[in-house]
Amino acid sequence: MSLLTLIVLLGFLAAAVAPALTSLLGRRVKFVLVLYPAGTFVALWLMVPQIENGNVIVESFSWVPALGVSLSFLLDGISALVGMIVSGIGALIIIYAGGYLRGHAQISRMYALLLFFMASMLGVVFSANLIGLFVFWELTSISSYLLIGFNHERLSSRAGALQALLVTGLGGLAMLAGFILMGMVGGSYEITELISRADVLRAHEFYPAMLLLVLLGAFTKSAQVPFHFWLPNAMEAPTPVSAYLHSATMVKAGVFLLARMMSILGGTDWWHYAVSFAGASTMFLGAFVAFYQSDLKRVLAFTTVSALGTLTLLLGLGTEEAVRAAMLFFLVHALYKGALFMVTGSIDHETGTRLLDRIGGLRRAMPITAVTAIVASLSMAGLPPMLGFLSKELLYEAKVQAPFASFLLISLGVLSNALMVGVAALVAFRPFFGKMKDTPKHPHEAPWSMWLGPATLTLISLVFGLLTAPLLGGLWNAAVISVHPEASPVALKLWHGLNEIVALSAFTVLLGLLLFWMRDRILAVIRPPAFLRALKAEQIYHLMIAGTLSFAKRVTAVFQDGLLRHYVMFVTLVVVMFGFWSLLAAGPIDLAEMSGGLHVHDVIIALVMLGGALMAAYSNSRLVVIGSLGIVGYGISMIFLLYGAPDLAMTQFAVETLSVVLFVLILARLPRIKDIVSNVVRVRDGVIAGLAGILLTVLLVIATAEPLSSRVSPFYSAASYLEAKGRNVVNVILVDFRGVDTLGEITVLAIAAVGVFALLRQGSKEGKP
Amino acid sequence: MTGLLFAALAGALFAIGIYLLMRRSILKLVIGLLLIGHAANLSIFTAGRLDSPIPPIMTQDAIQLNAPTADPLPQALILTAIVIGFGLQAFLIVLVRRIVGRNGVDDTDEMTSTDIVDRGQEDGK
Amino acid sequence: MKSVILSTVVRLLLPLILLFSLFILLRGHNEPGGGFIGGLAAASGWVLYLFAFGSAEAKRALRLEPLHFIILGLTLALGSGLFSVAAGKSFMQGVWLDAMVPVLGKIGTPVVFDVGVYFVVIGIVLKIVFALAEEEGR
C-alpha cells in the first residue's frame, strides 16, 4: 500500500485545483478544501495502532536510480505525531483563513499556497530519503516565502519574506552539503540504512563537518540564535500563516530534523554541546525579548523562538526523559501557540490593532475569544489541568536529570518559564480586562469560522490534559521510541504527587506572576543591555546583503559599463580563454588530412580578400570601406565557384551587388567615420581579435582533420532524382527535402522587409532630423 | 593545404570582424558584422571539405549523384545563410540610418541607454 | 542623375533580364539556379530600372506593390505544401504530374514552391530598395 505517497501527491493536486474550485464555489470552497487535511488526519489516526510498538511502515519508489535517490516515505511514531499536527491544525487553519480573508480578492492564492505548504511539510515529515527530505524542505521554504509576502504590495512584507527565504535557503543549502557528506560516508541516502551505519558515520573524520552543516539547516529553519531574527520579521504574513507555518509547523521542521538525525548523528559530545548550547541560549533570549514587546504578534513570535530553543535544548540533552519531554512539548506548543496566534488574528481583525497599549476590556465584546485566549494561556503558563502542565513537569524532570550543567539549565529554565508565565498572563489579561479602549474598529465577536479553530485547539489541550494516557499515550510513546529506540513506554499522568518538580513549578508560576505584576516598572528600569542591541544578528544579515549588492554593483560597473565595445571585448576574451584552455587539454592536432597541394589562384584570391578586409578595417572613407567589403564578398563567390558550388557563387554575386546598391542609396546619409581611440586601445583590441581569429582557424583545422562521416549527404545524393525528381541536389534539398526550413526562411525575410519599411515609416512620421 | 589556407582566411576575416565590433563608429560595427557573416559561411564551406570542384549536379541521364562531387549539404546551408544575411544587412543599414538620423551620433560610446538622446545641434563639434 | 544612355539600355535590358531570371528559376531543379538566384536576378533588373528612371517611374512600371509579391510568393509556397496534404501525403511531400509539359519540363509541387521563393525574394528586395530610395529622394 502506498498511503503516504498518496497523501503527499493529493496535497499538491489539491493546491493545483484550489484556485479553480474557489472561483467555482465561492465562499463554500473551504468546506471542500478542508477535506484534504481532515482526511489526512483521520487516515493517520487510523494508522496509529500499527506503529504503536515501534513498527515502521516504508514505501519506496525509484526516482534517480543512478544517484541512489529514491522517493521513499516512512511512517513511524514521530512522523505520525507531526503529520497529525500538520494536517489537524491545517484543517482548522483552512476554515480560519476563509473567515480571516473573507472577501479578499486573492483568497484563492492563500488556499493554494496553504495546501502547497501542507503537502510539502507532510513530504518533509514522511521522507525516508535525505534527498527527498531536502527537496520537500526547500518547498516549504518557498511556500513560506510566498505566504509571508502574501501582501506583496507592502515593502515590509516583501523584505520579511525575502529575509526568511535567504536565511532558511542558505541553511537548506548547508544541510544539503551535510546530507551529501552523509551519503558519501554512509553509502546511502535512505534514513533507515544510515541508522544502521550510525557508528561508521560518527567515527568518520568528516563527522564534525556533516554535523555542523546539518545543524545549520536545522537552526536556520527553527530560528535558533543567532539566526532567530527572520521569524519576528515573518510576522508580516497574514495571521493564519503565522499561526500555521511560523508557530505550529514549519519552524518545527528544524526540530523534527534534529529528532530524525539523533539516531544517526546524535549521542556524541559534539552533538550534546552544540545543540544544547544553541537551544539553551535561544530559549532564554527568546523569552527575555518577548517580555519587552508591545505588538501582540511579536510577543508570540519571540515566545515561539523561546519554545523552539527549549525543544532544541531537549534534543541536545538526548536522554530518555528529555526526548519524552520534547515529544510532548512539540504537540503542546503547537496546540496553545496555534490557538493564541489565531486569537491574536481575531483581535486584530475585529479591532484593527494588536498593540498591547491600545486594546483592553474586550471580554464583553468578544467572550468566546476571551475564554479561548485565557484557557490557552493556562496551557502556555504550564498550569494544571492543561496539557501544558504535564509537559512542563517533564521538562523540569529532564533538566534535573540532565547529564551535564544541570544546575545552570534549571536556573535558565526556571527563569525562561517564569518569563513565559509573565507573557502568558500578559496575553490573557491585557486585551480582555481593564478599561475598554478606543480602537480603530468597533469590536465584535469574531465569526464562527474564526473562533472554531482556536477553541478546538484549546479544548484539545484541556481534554488531553485530563485524559492523557488513554487518548495520547500510545502515539506519544511511539514517537519517543522512534527518536530514542531504547526508551521504555511509560504512562502519562497529570499528577505525580508532591515532589521537587512540583515545587519548582509553583516557584516558576509565582515568579512569573510577579514579573507580570511589575512589568511596567521592570520595563522602565531594566532596558535590554546595550551590547545585545548592538550585536543584533540582524545587523550582520543587513551588512551581508548590502555587501553583496555593492560587490555586484562594482562588478557590473567594470564588466557592463554601457560601452558596447567593452561588452564585445569581455565576451570575446572569455570565449578565447575557454577555447584555448580546452584546446590545450585536447592535445596535439593531426594534420594528415591537410596534406595536398596549393593552387596559386587560391592564394591570390585569399590575399585579395584579406587585403579588402584590412582596407575595410583601416580606411575611414565610407566609399573605400563599402568597396572593400564588396571585394571580400566577390572573393567568396569566386571560392564557391572554384569548389563546386555554382549556386552559391551566383547567389553571393547577386547579393553582393545588391548590397553595394543599398549602401550607395544611403551613402549620403551615412555617418562619417570617426574612431577616436588611443593606439594602446587599438593594439589591445587587435590582440584580442587576433586571438579569436586564431581560435576559429584552429577549431576549423581540428574539425577538418577528423575523417568526414556523413550519412545525410549520401542519402540526399542518392534520393535526389529517384524520389524528388531533381538533378541539382542543392536545389532539391532547399525546395523539397528541407522545404519547411526554406518556408521558414522566406517568412523571416518577409518580416525583415516589413521591419525595414516600418523603421523608415516611423522615422518620416516623427519628422526629419 | 587548401583547407588550411581557407581556414586561415576565415580566421582572419573573423578577427578583423571582431576588431571592427570593438570600434566606436557604428558603421564599422556593421561592416564587422558582415565580415563575420562571410567568415561563418567560409567556415562551413571549408568544414564541408574542398575535395572536388565538381558541382553536386547529375548529368542528363544519371539517376544518382556519382562521386566524387562537392558535398551538397553545406551548400544548401550556406545558400540559406547568404540570403538571410542579406535580409539582416538591409535591416542593419536602415537601423543605423535611423539611429544616426534621430540621435545625430554615430559613436557607440554615446549610445549607453535605450532612451532617446536629445542632442539637438550639439553634434556639430 | 538621369542619363540617356543608361535609360535606353535599361529599357532594352529589363525584359531580357526578367526572361533570364525565369530561365534560371525553372532550370533550377536540374541545373544551377532556382528561386533564390532567379529572384535576385529579377530584382536586380528592377533596381537598374529604378536607377535609370527614378522610383516613381519604376513603381508604375512594376504595376504591383512589392508587398503583393511577398504575399503572392508566401501563398504559393505554403499552398504547394498544403496541396500535398490535400493529395493525401504529408505536408510538403512532393506531388508530381506524370506528363511532361512543353518548355517547363516536369511539373510538381516543389517547382511551385520554388516559384513562391522567387516572388518572395523579388518582393523583399524591391520593398527595401524602394523604401530607401524614396526616403533619400525626399
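How many cavities of 30 Å³ or more does the count come to? Four, taking a cavity as a set of points on a 1 Å grid over the protein atoms alone where a 1.4 Å probe fits but cannot get out.

Some ground rules, everyone. This is a predicted model, where local features need pLDDT of at least 70, side-chain atom pairs count only at pLDDT 80 or more, and totals for chains, interfaces and linings use all residues. Residues are numbered from 1 along each chain as its sequence is written, chains are lettered from A and ligands numbered from 1 in the order written, and side-chain values use heavy atoms, without hydrogens and water.

The largest cavity holds about 160 Å³, a volume being the space filled by probe spheres set on the points. Its lining has 18 residues, with Phe329(A), Tyr336(A), Met380(A), Leu395(A) and Asn417(A) nearest the centre; lining means an atom within 4 Å of a point. Helix 18 (387-400) of chain A is among the contributors, and its five residues are the largest share. Helices here are DSSP runs (H or I, at least four residues), numbered from the N terminus.

Two other contributors are helix 15 and helix 19 of chain A, so let's look at that pair. The axes, lines fitted to C-alpha atoms over the stretch in contact, come within 11 Å and cross at roughly 155 degrees. The two helices are therefore roughly antiparallel, the term for angles over 145 degrees.

Now the second largest cavity, at about 50 Å³. Its lining includes Asp647(A), Leu79(B) and Phe36(C), and helix 32 (729-737) of chain A gives the most, four residues.

Terms used: Axes fitted to C-alpha atoms, helices over the stretch in contact; angles between N-to-C directions. Parallel < 35°, antiparallel > 145°, perpendicular 65-115°, else oblique. 1 Å grid on protein atoms, 1.4 Å probe; cavity = no way out; pocket = protein on both sides within 12 Å on 5 of 7 lines; lining within 4 Å.
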